[in-house]
Amino acid sequence: MPDITDVLIEDPDYKGASWSLNGSPTNKEEFDVGFKMHDLKGKKTPTWDDLQTKLKVAQTVYDALDYSRKRKASYDELNQFELISDDSINGTSTHKDAILKVKSDHPKP
């Protein structure tokens, strides 16, 4: 789940700037007290409202890729090399069936 630091690190408007943030602010007042820019490096100074807008976009992207994270976890649980080897020896399609099951369990939106 993305947070303000993810936005500050990754968003092109702020990426590369030097800053510090104390804690995990949940409102403008906490942000204003805990955030400090050290070196803009040509970037703009973020505001609480700007960060909240960008955080909503980041959350939307994160949510849209939920299927991908779930697929990766399922794929990681498979011993694909062993399945491929067994299929080769036994003339079966266990590996393909396992991949298709992961895809059907976690379909793309």
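This passage walks through the overall shape of one predicted protein model and then visits a few of its residues.

Because the model is predicted, local features are described only where pLDDT is at least 70, side-chain atom pairs count only at pLDDT 80 or more, and totals for chains, interfaces and linings use all residues. Residues are numbered from 1 along each chain as its sequence is written, and side-chain values use heavy atoms, with hydrogens and water left out.

The protein contains 6 helices and 2 strands; these are DSSP runs, with helices being H or I of at least four residues and strands being E of at least two, numbered from the N terminus. Along the sequence the elements follow the pattern α-β-α-β-α-α-α-α. The radius of gyration is 22 Å, well over the 13 Å that the globule rule gives for 109 residues, so the protein is more spread out than a compact globule. Here the radius is taken over C-alpha atoms, and the globule rule is 2.2 Å times the number of residues to the power 0.38. Along the principal axes, the C-alpha atoms fill a box of roughly 65 × 25 × 25 Å.

Of the 109 residues, 26% are buried (buried means under 20% relative accessible area, exposed over 50%, and partly exposed in between, with a 1.4 Å probe and protein chains only). The accessible surface comes to about 7,600 Å², and 55% of this surface belongs to carbon and sulfur atoms; such areas come from the Shrake-Rupley method with a 1.4 Å probe, and for residues only the protein chains shown count as cover.

Asp-11 is buried, with a relative accessible area of 16%. Its side chain reaches the backbone nitrogen of Asp-13 at 2.8 Å and makes a polar contact of 3.2 Å with the side chain of Lys-54. A polar contact is a pair of N or O atoms within 3.5 Å; within protein, one must be able to donate a hydrogen and the other to accept it, and residues adjacent in sequence count only if both atoms are side-chain atoms. The loop between α1 and β1 also holds Lys-15, which is partly exposed at 46%. Beyond four places in sequence, Lys-15 touches Leu-8, Ile-9, Glu-10 and Lys-43. Lys-15 and Leu-40 are 25 residues apart in sequence, yet their C-alpha atoms are 9.5 Å apart in space.

Next comes Glu-30, found in helix α2 (residues 28-34) and partly exposed at 38% relative accessibility. The side chain of Glu-30 reaches the backbone nitrogen of Thr-26 at 2.7 Å, and, leaving aside neighbours within four places, Glu-30 is in contact with Ser-24 and Pro-25. The C-alpha atoms of Glu-30 and Trp-48, 18 residues apart along the chain, are separated by 9.7 Å.

Further along, Lys-41 sits in the loop between β2 (35-39) and α3. Lys-41 is exposed, at 51%, and has a phi near 50°, a positive value in a residue other than glycine. Helix α3 (residues 48-64) includes Gln-59. The side chains of Gln-59 and Asp-63 are joined by a polar contact of 2.7 Å, while Met-1 and Pro-2 are in contact with Gln-59 once neighbours within four places are set aside.

Methods: Contact = heavy atoms within 4.5 Å.
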